[in-house]
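Trainee: I have a model open and want to learn how to read it. Can you take me through it feature by feature?

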Amino acid sequence: MGECRVCNAPLELFLSFGRMPLADRFVEPDRVADEYLYDLAVGACPACWMVQLVDVPPPEVVFPPDYPYRSSASQRMRDHFAAIASRLRRLARHSRDPFVVEIGCNDGAMLRTLARAGVRHLGVDPAAGAASTAHEYGVDVLEAFFDEEVAARVRDERGPADVVYAANTLCHIADLHGALRAIDGLLDDEGILVFEDPYLADIVTATAFDQFYDEHVYYFSLAAVGRMLEPCALEVFDVEHLDVHGGELRCYVGRKGRRPVSEAVRRTLAAEQVSRLVDLDGLYDFSRRVDAVRRQLRELLEELHAAGRRVVGYGATAKSATVTNACGIGPELVEFVCDSTPEKQGKLTPGAHIPVRPPEAFADPYPDYALLFAWNHAAEIRRKEHDFEAGGGRWVLYIPEVAISPP
Ligand code: TYD
Ligand code: ZN
């Protein structure tokens with residue numbers, strides 16, 4: 001059944017999707033027989049309230065050197081990372097010669113701003129392909145998984161960090177205690193950890209079941225984050241709710257008692273109690289809504305297929321691996337998926353084996369319906385693709401519920 005990775009209590013299983021492929025492992029058309037599969041099941045810990053995957057494939061398998069994800073793939077995220085870079089600079093103001101470390105810097109979407117400004121920095125990331133793009137932007141990257149040994153080496157060679165930043169990375173690290181000890185050892189006494197990850201409250205509210213996949217080991221609530229920081233005597237002193245990646249929680253963490261705890265922290269904790277986020281009945285209720293969306297989406301696509309409509313997918317997101325495989329959506333229902341990432345094009349989506357084609361394929365000619373897998377970029381994409389809608393094309397949405405837009 002599985003134990004909580006944070007406190008060892010037995011997990012309460014509330015969601016199960018069966019055998020799944022790795023969400024970012026796009027396959028060469030002649031290599032489909034070699035796919036790695038694992039059981040995707042989600043549990044909640046009734047003792048510390050950490051929501052987490054029961055089984056997790058090893059990190060070396062999930063994040064190989066050619067990991068195709070690129071943080072800079074949307075204008076929205078480029079703007080987002082430029083803004084937080086300036087913010088982190090201000091947070092490190094107390095230091096004479098600020099040193100900022102980013103865990104999981106990917107292609108340097110955030111650090112390129114600091115590199116340009118001449119701020120002392122280091123990115124740590126095991127993905128060589130993404131790191132080489134970061135290098136091109138003048139970002140200093142250590143190609144490695146971040147752990148206690150790497151953190152100690154960085155501190156020895158470059159001194160303590162004034163700020164450690166991790167975006168969509170901490171929730172990926174199964175050995176959370178190890179990662180936090182490493183951060184604890186790297187941070188200066190006055191240092192600040194800033195991390196942002198998909199927020200459980202947003203996942204539950206929007207029935208965003210596609211946030212569950214191999215890379216997301218943890219689904220943070222502020223209640224659970226507070227508990228996980230305790231062994232290192234760290235605490236969240238401020239929190240922000242972000243409107244990216246479907247809704248994220250950004251936590252500002254320092255050594256316990258060092259800074260006043262903001263009103264936003266108290267408000268967020270209280271809201272989590274009211275919204276039944278730390279409540280098994282609330283999670284079972286969510287699970288039933290997930291089943292309904294899975295069924296309805298599959299039925300809608302079958303109807304469109306029976307009526308002879310062309311449907312293509314938009315955005316070969318990691319999230320879409322859960323949608324296609326959990327709903328049984330393959331190339332017979334969705335002709336291809338278009339995506340702007342060169343590393344994904346010409347390959348097949350994991351498990352479902354839908355061909356990935358470049359964005360130009362979308363208009364050549366436009367399909368009748370586009371299934372919006374990159375729903376977290378809906379505004380940017382619908383603006384860019386307004387000719388599709390103007391010509392009578394319609395979007396198929398499934399977050400927060402199955403819908404056709406315009407109706
Ligand atoms: P992302 O939002 O990071 O989702 P996930 O974490 O689930 O992979 O990925 C967005 C994907 O959509 C990425 O592969 C790039 C692609 N994309 C396009 O093809 N066109 C676009 O206009 C945008 C914004 C994204
Ligand atoms: Zn626990």
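Mentor: We take the ligand site, then helix packing, then the backbone.

Mentor: Ground rules come before that. This is a predicted model: local features need pLDDT of at least 70, side-chain atom pairs count only at pLDDT 80 or more, and totals for chains, interfaces and linings use all residues. Residues are numbered from 1 along each chain as its sequence is written, chains are lettered from A and ligands numbered from 1 in the order in which they are written, and side-chain values use heavy atoms, with hydrogens and water left out.

Trainee: How many residues surround ligand 1, and which are the closest?

Mentor: A residue is near a molecule if one of its heavy atoms lies within 4 Å of it. Here 20 residues surround ligand 1. Tyr69, Asp339, Asn376, His377 and Lys384 are the closest. By class, the shell holds 7 nonpolar, 8 polar and 5 charged residues. Ala, Val, Leu, Ile, Met, Phe, Trp, Tyr, Cys and Pro count as nonpolar, Asp, Glu, Lys and Arg as charged, and the others, Gly among them, as polar. Helix 12 (residues 378–384) gives the largest share of that shell, 3 residues. Helices are DSSP runs of H or I with at least four residues, strands are runs of E with at least two, and both are numbered from the N terminus.

Trainee: Which polar side-chain atoms lie by an oxygen atom of ligand 1?

Mentor: A polar contact is a pair of N or O atoms within 3.5 Å. Asp339 places a polar side-chain atom 2.7 Å from a ligand 1 oxygen. For His377, a side-chain N or O atom is 2.6 Å from an oxygen of ligand 1. The protein covers 95% of the 560 Å² of accessible area that ligand 1 has on its own (Shrake-Rupley method, 1.4 Å probe).

Trainee: At what angle do helix 10 and helix 11 cross?

Mentor: Axes are lines fitted to C-alpha atoms, for helices over the stretch in contact, and angles run from 0 to 180 degrees between N-to-C directions. Helix 10 (residues 280–306) and helix 11 (residues 319–327) have axes that come within 9 Å and cross at roughly 75 degrees. That makes helix 10 roughly perpendicular to helix 11. Angles under 35 degrees count as roughly parallel, over 145 as roughly antiparallel, 65 to 115 as roughly perpendicular and the rest as oblique. Arg294, Leu297 and Arg298 of helix 10 contact Val323, Ala326 and Cys327 of helix 11 (heavy atoms within 4.5 Å).

Trainee: Are helix 5 and helix 6 parallel or perpendicular?

Mentor: The axes of helix 5 (residues 148–158) and helix 6 (residues 176–186) come within 8 Å and cross at roughly 10 degrees. The two helices are therefore roughly parallel to each other.

Trainee: Which residues does a cis peptide bond join?

Mentor: Asp364 and Pro365 are joined by one, with omega about -10 degrees. Pro365 sits in the loop between strand 14 (356–357) and strand 15 (369–372). Ile399 and Pro400 are joined by a cis peptide bond too, with omega about 5 degrees.

Conventions:
Polar contact = N/O pair within 3.5 Å; in protein donor to acceptor, adjacent residues only side chain to side chain.
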